[in-house]
Structure formats: C-alpha cells, structure tokens
Amino acid sequence: MTITSYLLIRYYCISMKIFVIGSGGREHALAWRLARCPSVRHVYVAPGNPGIAQLAEIVSVKDLSPYSLLAVAEALNCDFTIVGPEAPLAEGIVDLFRAKGLPIVGPSQQAAQLESSKVFAKSFMRRSGLPTAEFTIANNYAEACAAFERFGFPLVLKADGLAAGKGVIIAHNRQEAETASQGFLSGRLVGAAGARLIIEEFLQGEEVSFIALSDGKNVVPLEPTQDHKAVWDGDRGPNTGGMGAYCDSRILTPQQTHQIMDRIILPTIDAMATQGTPFTGFLYAGLMMTAEGPKILEFNVRLGDPETQPLMHRLDSDFAEILAATAHGALRDSTLQWKPAPSVCVVLAAHGYPGKVRKGDAITGIAEAEALGAVVFHAGTSLEHGVLKTSGGRVLGVTASGPTLQEAIDSTYRAVSAIHFEGCHYRTDIGRKGLKRW
Ligand code: AMP
C-alpha cells in the first residue's frame, strides 16, 4: 500500500461508523472501548443487550446468519464490521462481506476452521511443526479405545466441532474415557460436533490466553490474560464459558512473550498464508506454559469472553483505527498502548449455571457498583417493563483496575458486593494465581 492510500484511510477514519456483531460481555466491552475512541462517530450493535444500549445504537436483526447480518450492514453503510462470536465466522460471514466489498475484521470460513474443527486445527499444527499436545484422531469407538492405550491417564477427549465450551472432557481413568467417547460419538453430548474426536496427551502447567490481531501478514499482539473456566473456586467443578479473567503484563515474562510470538503466533500466521488459508482477524491461542515451553491447547478465531472485558479496560490506544487498518489489510507496524494498571473481571452467573439456568431474576446495584469505580458489562440481561432481569447463564462482568493486582482484585470484589439478584454466584478467587508475580 502506498503512503497516499494509507493517509487517505487515516483521513477517512476520522469519524468512523462501526458495526459490532454480538450480544455478550465481549461485545459490550468492545462497544464501550470503541465509543471512547477519538476516531469514532457512531457504534451500531446487533443484536446487543440493555447495557450496550446505553452507549451504542442497537440494530435489530432477524438472526445471526451471514445473510441477515449482510442486509443490516448494507443498510448501515459503516466503515467496517467486527464480529464478536464464532458462529457467523464459521458460517462464512467474512467471505460474504468481502465479496460485497464491505470491510470486516475476522477470518474467512476456511481460516475459521482453526476453531470450528479441532481435527483441522490439530492437523494444521502437526503439519506446520507447531508445539501442541500429542494426539490421535478417532472416527469411531474402536479407534478411541486404541488411543487410550497410547496415552494412558489422564488424557483429554475433544469433540471435533463447535460445542459452546462443552466439547472437552478430561478422563482420569478408562471408565471415564469410555463413557465420554460413547457420549460424544453417539451425539448425546454435543450432537454432530462429536462425530469425530481428538484424543490427546494431558499437559501440565499454567494456562494463558494470548490474542493477536493480524491482517494476514502483519501481527499486533494484545496483552496476556488468564481465564478461569471452572465454575467454583480453586478450578473445581464443571467447565463454563469463563467465570472471570484478568489482564496483567506480568502474566508473561518478556522472554515468554518472545517465545510465544516466535514459536506460535508468527509461524501460525505464516503457515496459514503459505497453506492457502491466510488468517485475518483475532487469533486467540489458548496456551499451556509447560516445562518444555508454551504449547497450544486450542485456537479460537475471535476475541475471548470474558478476556475481552479486562483487555478493553486496560487498552489505551484508538482501537478503532487499528481495526480499520486490519479490515483494509494495512496493519503494518502498528502497536497498541496499554495502561500499566492490571484489570480484573469477575463474572456474576445466574442460578443453575453452567447447567439449566433460571431466568427472570431482578438485578439491582449496578449504579452503586459503577459509583465504586467499576465498569459493569452486561452479558445475559434483559429489560422487562423497565426492570433489568437475568436472561442467560453469565449475567454480568464486573471489571475494575488498580495500581497493583491485589488492589485491582479488591476494587472489583467491592463493586461485585454491591450487585444483587436471586441465585447469583461467582468465583471469589479471580486473579489470585497472578499474585505470586508481584
Ligand atoms: P480447549 O477448549 O481445547 O481449550 O479445552 C478447554 C480446557 O480443557 C482448557 O482450557 C484446559 O483447561 C483443558 N485442556 C484442554 N486440552 C488439554 C490438554 N491437552 N491437557 C490439559 N488440559 C487440557
């Protein structure tokens, strides 16, 4: 790209209109950050939620299929679109928008297979020499049983397809492995997503979420975060979509960050390009920091939730400009600036989550929590006759920062205690693992 066209994009970006797709805490945090960018004039969000409605314009959409979203985007005529959730990406929204000449941040349908098919992702990692757990693909029960012999216990079973966070089971003995593989292969656990399995070696270490933005060639890393997947304190209980996350530069040493960039992120972007599926958008690497170095647990092809909430809270750059550059393939040597103070997000979940969720409980105390300095991102809320009620498993993400991680944790939990709804539960140890680095 010439300097003239780059400057034209910069000029064109001074008063951007942006279309955000999604309705969770991730999209509330994105819209919150974008609405504060000097380059942004207007943020539209579909389908949005009551929290997002306070800072952006909600646009109604029939469903989240690529064609329904295309119709909305064509009517809005925005500078670019950013896709929050994985489903529209797996269904090819980026290909469709590009074919119509609409700038969009996200991967093509083929590249989105890094998330939508674990068989694609693991085969790609093996072919490209990327560090990950040893694995076998099992198409049926006999193949699964043969893999149990190979790996011993514990081992990890993963459904091939998208399974909304329910596609991974750690089996501690043969009985658990047999039950899990039968449950996946029969379709009982996650439907068609379980028709093929990855069976892999169990890795030990600390988990880190590392997200980078790419335009297919250039890469801009975000700060590291740590998610908390299990529902109860101490990483116990069933897995959830994520019960909280924190963002702190100390999660990784500069040397670890270099290793992750050199051994994982840059080789992935290069290999995707050379193998004919260039990757554009947010590459999310779920990593295990093992004794042998970082290894890939999974790839996602979009921003993580809840990780986006503490990330957007700490970000100190005009995010819209960098997203516009990504959508136009002009990321070049851009960088992101971050506030030094760590940020913490605690998810308040509804009664029953992650099992059968009760909806319709009235929520109070958000204004009081925000008066204490937190930002409260909505995820599963709805407004009924002017009363805010629970309407999903993860209801709110309470996010705050502080000069130290301990102070960030304390101010987040002070705000959490101001909020009430029947059946509300949350983890009380979000961020605690990070305290040893201070
Ligand atoms: P995934 O969706 O592949 O990230 O898996 C969900 C969770 O399962 C991860 O966040 C890890 O806690 C755990 N997990 C996945 N793969 C492995 C592995 N090979 N070894 C140990 N734990 C794993």
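Proline 354 sits in the loop that runs between β18 (343–349) and α13 (366–371); helices (H or I, at least four residues) and strands (E, at least two) are DSSP runs numbered from the N terminus. Before going on: this is a predicted model, where local features need pLDDT of at least 70 and side-chain atom pairs count only at pLDDT 80 or more, while totals for chains, interfaces and linings use all residues. Residues are numbered from 1 along each chain as its sequence is written, and side-chain values use heavy atoms, with hydrogens and water left out.

Another cis bond goes from alanine 46 to proline 47, with omega near -10°, and proline 47 belongs to strand β2 (residues 40–47). Asparagine 77 has a positive phi, near 55°, and is found in the loop between α3 (66–76) and β4 (80–83). For context, most residues other than glycine have a negative phi, and most peptide bonds are trans.

**Around the ligand**

What comes nearest to the ligand among the 13 residues around it? Those are Glu200, Glu201, Leu203, Glu207 and Glu298, where being around it takes a heavy atom within 4 Å. Here are some polar contacts (pairs of N or O atoms within 3.5 Å):

| Residue | Protein atom | Ligand atom | Distance |
|---|---|---|---|
| Lysine 158 | side-chain N or O | oxygen | 3.0 Å |
| Glutamate 201 | backbone N or O | nitrogen | 2.9 Å |
| Leucine 203 | backbone N or O | nitrogen | 2.8 Å |

On its own the ligand has 470 Å² of accessible area, and the protein covers 90% of that (Shrake-Rupley method, 1.4 Å probe). β7 (155–159), β9 (197–201) and β17 are the elements giving two or more residues to the shell. By class, the shell has 7 nonpolar, no polar and 6 charged residues. In this scheme Ala, Val, Leu, Ile, Met, Phe, Trp, Tyr, Cys and Pro count as nonpolar, Asp, Glu, Lys and Arg as charged, and the others, Gly among them, as polar.

You'll find 3 cavities of 30 Å³ or more. A cavity here is a set of points, on a 1 Å grid over the protein atoms alone, where a 1.4 Å probe fits but cannot get out, and lining residues have an atom within 4 Å of a point. Grid points are joined across faces, edges and corners, and a volume is the space filled by probe spheres set on the points.

The largest cavity holds about 60 Å³. Its lining includes Glu115, Lys158 and Glu298, and splits into 5 nonpolar, no polar and 5 charged residues. α7 contributes the most, with 4 residues.

The second largest cavity comes in at about 50 Å³. Asn77 is one of its lining residues, with Phe19, Cys78 and Pro103 also among them. That lining has 6 nonpolar, 2 polar and 1 charged residues.

**Salt bridges**

How many salt bridges turn up in the whole structure? The search finds 20, each being a side-chain nitrogen of Lys or Arg within 4 Å of a carboxyl oxygen of Asp or Glu. One of them joins glutamate 115 to arginine 302, with the closest N and O atoms 2.6 Å apart. Glutamate 115 lies in helix α6 and arginine 302 in the loop between β17 and α11 (308–314), so the pair ties together parts 187 residues apart in sequence.

Technical notes: 1 Å grid on protein atoms, 1.4 Å probe; cavity = no way out; pocket = protein on both sides within 12 Å on 5 of 7 lines; lining within 4 Å. Polar contact = N/O pair within 3.5 Å; in protein donor to acceptor, adjacent residues only side chain to side chain.
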